[in-house]
Amino acid sequence: MKLINIKYVLISLCLCIGTGVLFSQNKEGREFCVDFLPGKVEIEPSYMSNASTLNSIVLYLDSVMRDSTIVLVRVEFDGAASPEGHAALNARLSQERLKAIETYVRNRVLIPDSVINRYDRYIP
């Protein structure tokens, strides 16, 4: 009998950073943080440790997608923005950051639409 690991990937954008937490059936986890400049929605690879983090996200997801013993069940993109500023601006930042990280990842790793979930949880 072949053991299949089930992977659950969460890429969450919280406040001015993006956080990704990867869980497997055996409870191992890994966290990724992508930093955003305040008030900005563009991913800046040269900002903070984003280049290394983005590379790690892509390498990990690519390895999961190529491993025939792993079933990827869900990838979540979660957007958020800080409570400073107007609610409308924060809602836009949250949505656009979510789109930015999803686009970045999905342009580099082929992930089926069927496992993608999106959550926009900006702080009003």
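How exposed is Lys99, by relative accessible area? Lys99 is partly exposed, at 46%; buried means under 20% relative accessible area, exposed over 50% and partly exposed in between, with a 1.4 Å probe and protein chains only.

## Basis of the model

This is a predicted model, in which local features need pLDDT of at least 70 and side-chain atom pairs count only at pLDDT 80 or more, while totals for chains, interfaces and linings use all residues. Residues are numbered from 1 along each chain as its sequence is written, and side-chain values use heavy atoms, with hydrogens and water left out.

## Overall layout

The chain contains 2 helices and 5 strands, and from the N terminus on these elements run β-β-β-α-β-α-β. Helices (H or I, at least four residues) and strands (E, at least two) are DSSP runs, numbered from the N terminus. The chain has 124 residues, of which 42% count as buried.

In the loop between β3 and α1 lies Met48. Met48 is not a glycine, yet has a positive phi of about 50 degrees. Most residues other than glycine have a negative phi. Met48 is exposed, its relative accessible area being 57%.

## Helix α1

Helix α1 has 17 residues and spans 24 Å from its first C-alpha to its last, close to the expected 24 Å at 1.5 Å a residue; the expected span is 1.5 Å times one less than the number of residues. Its buried residues include Asn50, Thr53, Leu54, Ile57, Val58, Tyr60, Leu61 and Val64. Seen down the axis of α1, the buried residues fall within an arc of 165 degrees, so they line one face of the helix; the arc is that of the directions from the helix axis to the C-beta atoms. On the face of α1 turned away from the buried side are the exposed residues Leu59 and Arg66.

Arg66 also takes part in a salt bridge with Asp62, at 2.8 Å from N to O. A salt bridge is a side-chain nitrogen of Lys or Arg within 4 Å of a carboxyl oxygen of Asp or Glu. The two residues are 4 apart in helix α1 (residues 50–66), which means that about one helical turn separates Arg66 from Asp62. Arg66 is exposed at 66% relative accessibility, whereas Asp62 is partly exposed at 25%.

## Helix α2

Helix α2 has 20 residues and reaches 28 Å from its first C-alpha to its last, close to the 28 Å expected at 1.5 Å a residue. Its buried residues are Asn90, Ala91, Leu93, Ser94, Arg97, Leu98, Ala100, Ile101, Glu102, Tyr104 and Val105. Asn90, in helix α2, has a relative accessible area of 2%. Asn90 is 10 residues from Ala80 in sequence, and their C-alpha atoms are 7.8 Å apart in space.

Lys99 and Glu96 lie 3 residues apart in α2 (residues 87–106), about one turn of the helix. An α-helix has 3.6 residues a turn, so residues three or four places apart point the same way. The side chains of Lys99 and Glu96 form a salt bridge, at 3.4 Å from N to O. Glu96 is partly exposed, at 28% relative accessibility.

## Other charged contacts

The structure holds 5 salt bridges. One of them joins Arg106 and Asp113, whose closest N and O atoms are 2.4 Å apart. Arg106 is partly exposed, with a relative accessible area of 23%, and Asp113 is exposed at 58% relative accessibility. Through shared partners, salt bridges link Glu102, Arg106, Asp113 and Arg118 into one network.

Arg108 lies over the face of Tyr104, at 3.6 Å from the ring centre. A charge sits over a ring if NZ of Lys or CZ of Arg is within 6 Å of the ring centre and within 35 degrees of the ring normal.

## Nonpolar core

The largest nonpolar core has 23 residues, and those that touch the most other members are Val34, Ile43, Val75, Phe77, Ile101, Val105 and Ile111. Such a core is a set of buried Ala, Val, Leu, Ile, Met, Phe, Trp, Tyr and Cys residues joined through side-chain atoms within 4.5 Å. Two or more residues of this core come from each of β3 (29–35), α1, β4 (70–79) and α2. Helix α1 gives the largest share, 6 residues.
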